[in-house]
Amino acid sequence: MPTPSLAALPIRRLTPRDLTACADLSEDRGWPREEHKWGLLLAAGTGYGIDDPDGGLVTACVVTEYGPRERPDLGAIGMVLVAERHARKGVGRRLMRHVVAERGTIPLTLHATPYGRPLYEELGFKVTGRAEMVRGHFVPGGLEPEVFTRPATAEDLTGILRLDEEIFGADRTPIVTRLPAFSDQLRVAEENGRIIGYASAWPNMDTHVVGPLIAHDTETAKALIASLGSHTDRPLRTDIDVRHEELLSWVKERGLVPIAFNAVMTYGISELPGDWTRRFAPLTVAAG
């Protein structure tokens with residue numbers, strides 16, 4: 001039997017049962033397997049992929065939608081991967097066109113590497129910001145922020161959800177409610193009994209990724225990072241909006257070093273909803 005052409009292979013929805021195949025695809029492209037992250041995205045979002053007749057996946061991506069289920073306010077595209085043996089044959093473009101067309105008029109966002117940016121620009125995405133990835137062992141020092149932080153409890157979830165929607169600009173309940181099980185740490189900042197920020201640290205290979213990082217102001221964001229850093233022996237990694245210059249300078253003074261920049265891109269909207277001044281870092285760039 002002749003092997004079908006890539007253009008003839010059907011695009012299908014992925015499920016959590018495709019976790020191993022997605023992790024294999026990441027490894028094929030030289031990325032970490034990131035099975036923990038894939039598991040969350042496939043459970044909370046919608047995965048798309050093309051099966052390779054010879055086994056595994058030709059390509060894959062995940063869309064995480066926020067807001068009402070029947071009419072989402074925003075869709076975040078991430079984990080766009082094409083197997084090395086099928087690279088530069090247009091299959092990634094075909095998958096992205098399918099995903100964008102299926103979303104209709106729903107606004108979209110993604111974080112693009114310099115390698116992927118030309119494809120997204122060709123599809124109509126516009127650069128609206130940048131995020132800087134930093135990584136390293138957190139080293140306390142100097143005057144630490146005088147903001148009270150503590151581990152989150154089940155009773156905090158309502159307050160966290162309310163604050164998150166206010167700042168992010170859309171309801172992220174399916175993601176936020178998974179954080180207690182997904183994260184190794186979930187902490188809140190509190191002032192006069194009111195939650196003014198929260199952050200989680202979740203395991204990714206040998207690091208703890210800090211995100212989401214939602215905070216009333218920069219001092220609160222610093223306090224949350226410091227509290228997370230003081231409760232782990234792993235390096236911290238996070239992606240901070242470059243407009244938060246003070247926070248970026250502070251984390252670099254405390255041991256985190258620049259790794260890379262990603263372009264924040266949008267489709268159908270000129271800028272992301274919500275309040276960027278209090279939105280410091282995403283859960284992961286794959287989820288917006």
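The model is predicted: local features need pLDDT of at least 70, side-chain atom pairs count only at pLDDT 80 or more, and totals for chains, interfaces and linings use all residues. Residues are numbered from 1 along each chain as its sequence is written, and side-chain values use heavy atoms, with hydrogens and water left out. Helices (H or I, at least four residues) and strands (E, at least two) are DSSP runs, numbered from the N terminus.

**Helix packing**

- Two packed helices are described by the angle between their axes and the distance between the axes.
- Axes are lines fitted to C-alpha atoms, for helices over the stretch in contact; angles run from 0 to 180 degrees between N-to-C directions.
- Helix H8 (residues 218-229) packs on helix H9 (residues 245-253) at an angle of about 30°, and their axes lie 10 Å apart.
- That angle makes H8 roughly parallel to H9. Angles under 35 degrees count as roughly parallel, over 145 as roughly antiparallel, 65 to 115 as roughly perpendicular and the rest as oblique.
- H8 and H9 cross in a right-handed sense. A crossing is left-handed if the near helix is turned anticlockwise from the far one by less than a right angle, and right-handed if clockwise.
- H8 makes the contact (heavy atoms within 4.5 Å) through Thr218, Glu219, Ala221, Lys222, Ile225 and Ala226, and H9 through Glu246, Leu247, Trp250 and Val251.
- The residues of this H8 and H9 contact comprise 6 nonpolar, 1 polar and 3 charged. Ala, Val, Leu, Ile, Met, Phe, Trp, Tyr, Cys and Pro count as nonpolar, Asp, Glu, Lys and Arg as charged, and the others, Gly among them, as polar.
- The axes of H1 and H2 come within 10 Å and cross at roughly 130°. H1 and H2 are therefore oblique to each other.
- The H1 and H2 crossing is right-handed.
- Leu19, Cys22, Ala23 and Ser26 of H1 meet Glu35, Trp38, Gly39 and Leu42 of H2. By class, this contact of H1 with H2 has 5 nonpolar, 2 polar and 1 charged residues.

- Two strands pair if DSSP finds at least two bridges between them.
- Strand S9 (residues 194-204) is largely enclosed by the rest of the structure, because 10 of its 11 residues are buried. Buried means under 20% relative accessible area, exposed over 50%, partly exposed in between (1.4 Å probe, protein chains only).
- Strand S8 (residues 185-191) runs antiparallel to S9, with 7 bridges joining them. Gln185 has Ala201 in S9 as its bridge partner.
- The S8 and S9 hairpin has 2 residues between the strands, and Asn192 takes a positive phi near 55°.
- S9 is also joined by 7 bridges to strand S10 (residues 207-215), and these two run antiparallel. Asn204 stands opposite Thr207 in S10.
- The hairpin of S9 and S10 has 2 residues between the strands; Met205 in the turn has a positive phi of about 55°.

- S4 is largely enclosed by the rest of the structure, because 8 of its 9 residues are buried.
- Strand S3 (residues 57-66) and S4 are antiparallel and share 7 bridges. Thr64 has Ala76 in S4 as its bridge partner.
- S4 and strand S5 (residues 108-112) run parallel, joined by 2 bridges. The bridge partner of Ala76 in S5 is Thr109.

- Most residues other than glycine have a negative phi, and most peptide bonds are trans.
- Glu34 is not a glycine, yet has a positive phi of about 50°. Glu34 sits in the loop between helix H1 (19-28) and helix H2 (35-44) and is buried, with a relative accessible area of 7%.
- Arg88, also not a glycine, has a positive phi of about 60°. Arg88 lies in the loop between strand S4 (74-82) and helix H3 (91-103) and is exposed, with a relative accessible area of 65%.
- Gly211 and Pro212 are joined by a cis peptide bond, with omega about 0°. Pro212 is in strand S10.

**Selected residues**

- Asp18 lies in the loop between strand S1 (11-14) and H1. Asp18 counts as buried at 11% relative accessibility.
- Leaving aside neighbours within four places in sequence, Asp18 is in contact with Arg12, Arg13 and Leu42.
- Thr173 is in helix H6 (residues 173-176). Thr173 is partly exposed, with a relative accessible area of 28%.
- Thr173 and Ala87 are 86 residues apart along the chain, and their C-alpha atoms are separated by 36 Å.
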